[in-house]
Amino acid sequence: MALTKKTNSQLFFDGILTENPIFRLALSMCPAVGISTNVMNGILLGIAVLFVQVFSSCTISAIKNFIHPRIRIPTYTLTIATWVTVIDLVLAAYVPEAYKAMGIFVKLIVAFAIITMRLEMFAAKNPIIPSFWDAVGMGLGFLFGMVVLGFIRELLGSGTLLGYDVLGSRPLLFFVLPAAGFFTVGFMMAIFNTMEQYFKRMKEKK
Amino acid sequence: MKPIRSSLIAWLGLVVVLLAGCGPEHRFIKGNSFKGDNQITITFAGPVEASWAKNPANYKAYEKPDPDITLPISSIDLSPDRTTVTLTFQLPLNKAQAHIVWVKDIMAEGASQGTAVMTVTKVYFGYLLSILLGAMIIKNFVFTKYLGLCVFFGTSQKKTTAVGMGITFTLVMVASAMMSWFMYQFVLKPMRLDFLQIVVFIGLVSLSVQAVDTILRKVNPALFKAFGVYLVLVIANCIIIAVPLLLANNEYNAAESFMLAVGAGVGFLVALFLMSSVRERLEVADVPPAYRGLPIAFITAGLFALAFMGFSGMSIF
């Protein structure tokens, strides 16, 4: 068992920036491209993913000693599916409007690679407390990525933010098109790459 | 190989017979079909009496899910040889729905031939084909619904990998979609356990992946060596869980479910193949350093998505 040597705060911030699930690890791309047309969708789906990630990480971390290694993947998927069902029913009951806008994506959280990957790489090997912070970091990283994408697409595409008119015009209507999701994610990844190269050079100079 | 093929032909034959057997249920009725926007034609086996045929009270038509709402008939035409009746309705018919038509006490050859109840549906094979092509190209899951992207970007670097992944995915997709359809229609729905659909569907997917893995390992190790690595990735693909959910939402029947599953699988294969062809060339292209790897792949996929938008709104039948 490879216990992590990182502190809880390191785990937390790694998830948000250096190991950001959308821009750095390139996992869970479907929602990032599919429904990031406005900020509100991003926030809601981000919160749903955060909860599913935290709950299933804690569950797996607590029962890790009882799982037979050969059936671990089915066990992970069933654990995630249980929590997704809970979140799905809660969202459908309390925010029916937004739930409709997100469509099938809430149910699809069950197949998001990021959650299974964190269970396999982290929660299955570490105690509950670090697993919790890792899950919170990853969930917030996903939320952050979705909000950034939603911000860009909503501002440029329809000139609004969270439904309020900000620009008074529609600068680049193209960003409302579903296909623009691919372009936005591509540009953001390139920006993250450039930043990484820049910081690397700064370090070398020192 | 040979016994497998012959049993497959036998099964296909059975399916064709079953599909063909779903015609009208009365011995005096030869056929029925939709005509135009608001008409249904009924063909009888022999000439019927004009006074009976022209009476609207002898017909009753409704959509299969709503037996309480009778569709109003505005006029009835009888062909000169008195074998074909055309019912014209006041409102356009929703042809995606099966319609039930009651024909009371058919009067022909001087005697009543009994009441017939029949189901009118659209030309079936055309409809199935449109589901297949729709899932494959027009509403391609990767380029127009943005599902299965993690696996899509992960395995589209080489053509051989892309084809292997596509074939494995299609097989598991069809197997698990049919099982999910069966579970939903015959277990979850009758027992009102709809809310368990996510757990049951993903459970069936991992079960079929595990089963294919175990069987392939023992039966055909060479094939396992070629396709085994992709099996684990199948679970991480959103499409595999999206298709059963769509089947459950749209209340598809067995044949339609099969077509949608095949269409989704082959559509994914097509998308992977197109993308891998481009990415093999991108390897040698001069891409700015910040865009190397995934970012340029995303922009390529965006261009594909724009191209696939051209198919949107297209209908075949």
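Predicted model: local features only at pLDDT ≥ 70, side-chain atom pairs only at ≥ 80, totals over all residues.

Q: Which way do strand 1 and strand 2 of chain B run, and how many bridges join them?
A: They run antiparallel, and six bridges join them. Strand 1 of chain B covers residues 29-35 and strand 2 of chain B covers residues 39-44.

Q: What is the bridge partner of Gly31(B)?
A: Thr43(B), in strand 2 of chain B.

Q: Switching to the interface. How many residues of chain A are in contact with chain B?
A: 35 residues of chain A, in contact with 32 residues of chain B.

Q: Which element of chain A gives the largest share of that side?
A: Helix 4 of chain A, with 10 residues.

Q: And what is that side of chain A made of, by class?
A: It has 23 nonpolar, 10 polar and two charged residues.

Q: New topic: Ser61(A). Where is it?
A: In helix 3 of chain A, residues 39-63.

Q: Buried or exposed, and why?
A: Ser61(A) counts as buried because it has 22 C-beta neighbours inside 10 Å. The cut-off for buried is 20 or more.

Q: What does Ser61(A) touch, leaving out residues up to four places away in sequence?
A: Ala123(A), Asn126(A), Pro127(A), Ile128(A) and Ser131(A).

Q: How far apart are Ser61(A) and Ala123(A)?
A: In sequence, 62 residues. In space, 4.9 Å, C-alpha to C-alpha.

Methods
Residues numbered from 1 in each chain as written. Chains lettered and ligands numbered in written order. Contact = placed C-beta atoms within 7 Å. Helix = DSSP H or I, 4+ residues; strand = E, 2+ residues; numbered from the N terminus. Nonpolar A, V, L, I, M, F, W, Y, C, P; charged D, E, K, R; others polar. Buried ≥ 20, exposed ≤ 12 C-beta atoms within 10 Å, placed from the backbone. Pairing = 2+ DSSP bridges.
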